[in-house]
Amino acid sequence: MAYLYETHMHTCQGSACGASTGAAHARAYKELGYTGIIVTDHFFRGNTAVPRDLPWEQRINLFCQGYEDAWQEGQRIGLDVFFGWEQNFNGDEYLIYGLDKAWLLAHPEMEHWTRQQQFDEVHKYGGCVIQAHPFRDRGYIAAIRLGKQFCDGIEVSNAGNAAYNDAAALRYGKEFGFVMTSGSDNHNADNALKYPQGVTGVSLEKKLTSIHDWVDIIRTRQPIGLCVPDSRFDIREDAPHLDTYWMDENEELVPTGRDWLHE
Ligand SMILES: [Zn+2]
Ligand SMILES: [Zn+2]
């Protein structure tokens, strides 16, 4: 038996672009047959719903409201709800799993980490880092930054991407041997129910007992089933050329010189 999990989603309590409460999301995922969800609201350098001028403790309390709302509803209806977040640097975004609210309250310095610090510190405290939608090309992303030394794996498929973004990510992921996950980046529970084909995530052989099981799967490279049709990754002739960049040790851009979609 396989267990379905959402790995990437946003509530209106934690994310400025979120359209649904944690509780509404929990009900939608339950209806869609999911075993659990990981709430990954936009953290403070991204599109957070939390005012930036409040004291740290208050900001963290507000940030966690969407997750807590989902968790409570999950308890009531029988859906497992786990905590994570999505941090933005310069259009490149990372999903953080395995650290909790108490940890955030005790570590206000994390708001100003570099990518390297984020990777090292999240590891030190037992978590992991997945680069979200690495090949997304959108107006708000000035350059496609591939943070390959700053993550444990990549989100190879994101339902908010164009298919060619995912096709490029699959080639990149295979070439560098990354652990690969899939997520919906769902911001709206009503849309999820109306268009369930846009709700993806992963399928796992064992039920997660905590977020640490998920971190373990990623860090020890256990199998992860992607809830995405294979055709999503087809290379199409009309795919655009994507300029992509590595980052050096100062986290400055270095062109990859690669064309991930036409070779
Ligand atoms: Zn968003
Ligand atoms: Zn997201």
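A residue counts as buried if 20 or more other C-beta atoms lie within 10 Å of its own. By that cut-off, seven of the seven residues of strand S2 (residues 36-42) are buried, so S2 is largely enclosed by the rest of the structure. The model is a predicted one.

**Nonpolar core**
- The largest nonpolar core has 68 residues.
- Ile 37, Val 81, Val 129 and Ile 130 are the residues with the most contacts inside this core.
- Helix H6 (residues 163-176) gives the most to this core, contributing six residues.
- Leaving aside residues up to four places away in sequence, Val 81 touches Ala 26, Gly 36, Ile 37, Val 39, Tyr 67, Ala 70, Trp 71 and Gly 74.
- In soluble globular proteins, nonpolar side chains tend to be buried together.

**Pairing of S2**
- Strand S1 (residues 3-6) pairs with S2 in the parallel sense, over two bridges.
- Glu 6 has Ile 37 in S2 as its bridge partner.
- S2 also runs parallel to strand S3 (residues 80-88), and seven bridges join the two.
- Phe 82 in S3 is the bridge partner of Ile 38.

- Strand S11 (residues 244-247) and S12 run antiparallel and are joined by three bridges.
- Val 254 in S12 stands opposite Trp 246.

Terms used:
Residues are numbered from 1 along each chain as its sequence is written. Chains are lettered from A and ligands numbered from 1 in the order in which they are written. This is a predicted model: local features need pLDDT of at least 70, side-chain atom pairs count only at pLDDT 80 or more; totals for chains, interfaces and linings use all residues. A nonpolar core is a set of buried Ala, Val, Leu, Ile, Met, Phe, Trp, Tyr and Cys residues joined through C-beta atoms within 7 Å. A residue is buried if 20 or more other C-beta atoms lie within 10 Å of its own, exposed if 12 or fewer, and partly exposed in between; C-beta atoms are placed from the backbone. Helices (H or I, at least four residues) and strands (E, at least two) are DSSP runs, numbered from the N terminus. Two residues are in contact if their C-beta atoms, placed from the backbone, lie within 7 Å. Two strands pair if DSSP finds at least two bridges between them.
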